[in-house]
Each structure stands twice: as structure tokens, then as C-alpha cells.
Amino acid sequence: MNNSASPESKSPSQLIDVRIEELGDWRGWMLSQLRGLIKEADPDVVEEWKWRGVPVWEDAGMICTGETYKAVVKLTFAKGASLEDPSGLFNSSLEGNTRRAIDFHEGDAINAEALKALVRAAVSLNKSKARK
């Protein structure tokens with residue numbers, strides 16, 4: 001399959017831009033909002049494009065992925081089970097020992113401050129493990 005969004009010709013950030021535009025509905029808007037909050041929380045975040053088209057945000061290791069499905073935009077935190085979640089944002093993948101996710105549905109409000117706190121906690125955890 002050869003198209004204008006081929007990974008060979010675009011940076012990960014450009015590929016995420018293309019995904020947001022291609023979605024063209026509430027999912028694109030939601031992914032864009034979440035992306036902006038991740039960048040606000042961690043200005044040093046690195047955007048990647050993995051696993052056949054999944055946006056990934058990293059800093060000293062993976063922070064989270066941003067998957068889009070028909071009825072949900074899912075932010076999966078790679079080490080979410082090790083993070084404090086005082087605001088109770090995690091609402092998916094709760095049974096695992098490692099990951100935790102937040103499913104956003106059409107019309108859901110984003111708790112921006114709580115999400116940014118989770119991102120910062122994930123970065124801190126990554127950096128603490130990287131030092132060891």
C-alpha cells in the first residue's frame with residue numbers, strides 16, 4: 001500500500017497530524033486535545049509512530065499510546081499500574097499488572113490537570129528507572 005502518509009516520507013509527528021486529519025470527527029479532535037495536553041505536561045516529549053500506525057509519546061521510555069477505535073480514543077499508559085491516579089482517570093485495562101488506560105468517548109470532558117499530572121508521573125517513573 002503506497003499513499004501520501006507513508007512512514008518513509010513523513011516524521012512521526014507529521015504522521016500523527018495526518019491521522020488526526022483523516023479521522024475528521026470527534027476522535028480526531030479528542031486525539032488532538034490529548035496530544036496537546038501531553039506536550040504541555042512534558043515539553044521534552046518525543047512523538048513516535050509504531051505498530052502499524054499508533055501514536056506513541058516517549059520520554060526516557062514510553063509514556064503512553066493514543067489508539068483510535070470506532071467508539072473510543074484510548075490512551076494507554078505503559079506503566080500505568082505503577083502510577084498514582086488520585087483523580088481516577090484510569091477506566092480501562094485495569095486488570096493487568098503493567099498497563100492502565102483511559103477510554104475517551106464522544107462528548108467526554110477531559111480533566112486536563114489530572115491528565116497532565118499522570119503524564120508527569122509517568123515521565124518521573126521512567127526517569128527514575130533509567131537512573132538505576
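Trainee: What radius of gyration does the protein have, against a compact globule with 132 residues?
Mentor: This is a predicted model, where local features need pLDDT of at least 70, side-chain atom pairs count only at pLDDT 80 or more, and totals for chains, interfaces and linings use all residues. The radius is taken over C-alpha atoms, and the globule rule is 2.2 Å times the number of residues to the power 0.38. For 132 residues that rule gives a value near 14 Å, so the protein agrees with it at 14 Å.

Trainee: In what order do the elements run from the N terminus on?
Mentor: Residues are numbered from 1 along each chain as its sequence is written, and side-chain values use heavy atoms, with hydrogens and water left out. Helices (H or I, at least four residues) and strands (E, at least two) are DSSP runs, numbered from the N terminus. The protein has three helices and five strands. Their order is α-α-β-β-β-β-β-α.

Trainee: What percentage of the 132 residues count as buried?
Mentor: Buried means under 20% relative accessible area, exposed over 50%, and partly exposed in between, with a 1.4 Å probe and protein chains only. By that cut-off, the buried share of the protein is 44%.

Trainee: Which residues touch the most other members of the largest nonpolar core?
Mentor: A nonpolar core is a set of buried Ala, Val, Leu, Ile, Met, Phe, Trp, Tyr and Cys residues joined through side-chain atoms within 4.5 Å. The largest one holds 29 residues. Elements α1, α2 (26-41), β3 (62-68), β4, β5 and α3 (112-131) each give two or more residues to this core. The residues touching the most other members are W57, I63, L75, F77, I102 and L115.

Trainee: Which residues does L115 touch, not counting those up to four places away in sequence?
Mentor: Contact means heavy atoms within 4.5 Å. With that cut-off, the partners of L115 are L34, L37, L75, F77, L89, I102 and I110.

Trainee: Is the pair of F77 and F90 stacked or edge-to-face?
Mentor: Rings of Phe, Tyr and Trp (its six-membered ring) pair if their centres lie within 6.5 Å; planes under 30 degrees apart count as stacked, over 60 as edge-to-face and the rest as tilted. A search of the whole structure finds one aromatic pair. Its centres are 5.6 Å apart and its planes lie at 75°, so F77 and F90 are edge-to-face.

Trainee: Is Q14 buried or partly exposed?
Mentor: Q14 sits in helix α1 (residues 12-23). Its relative accessibility is 40%, so Q14 counts as partly exposed.
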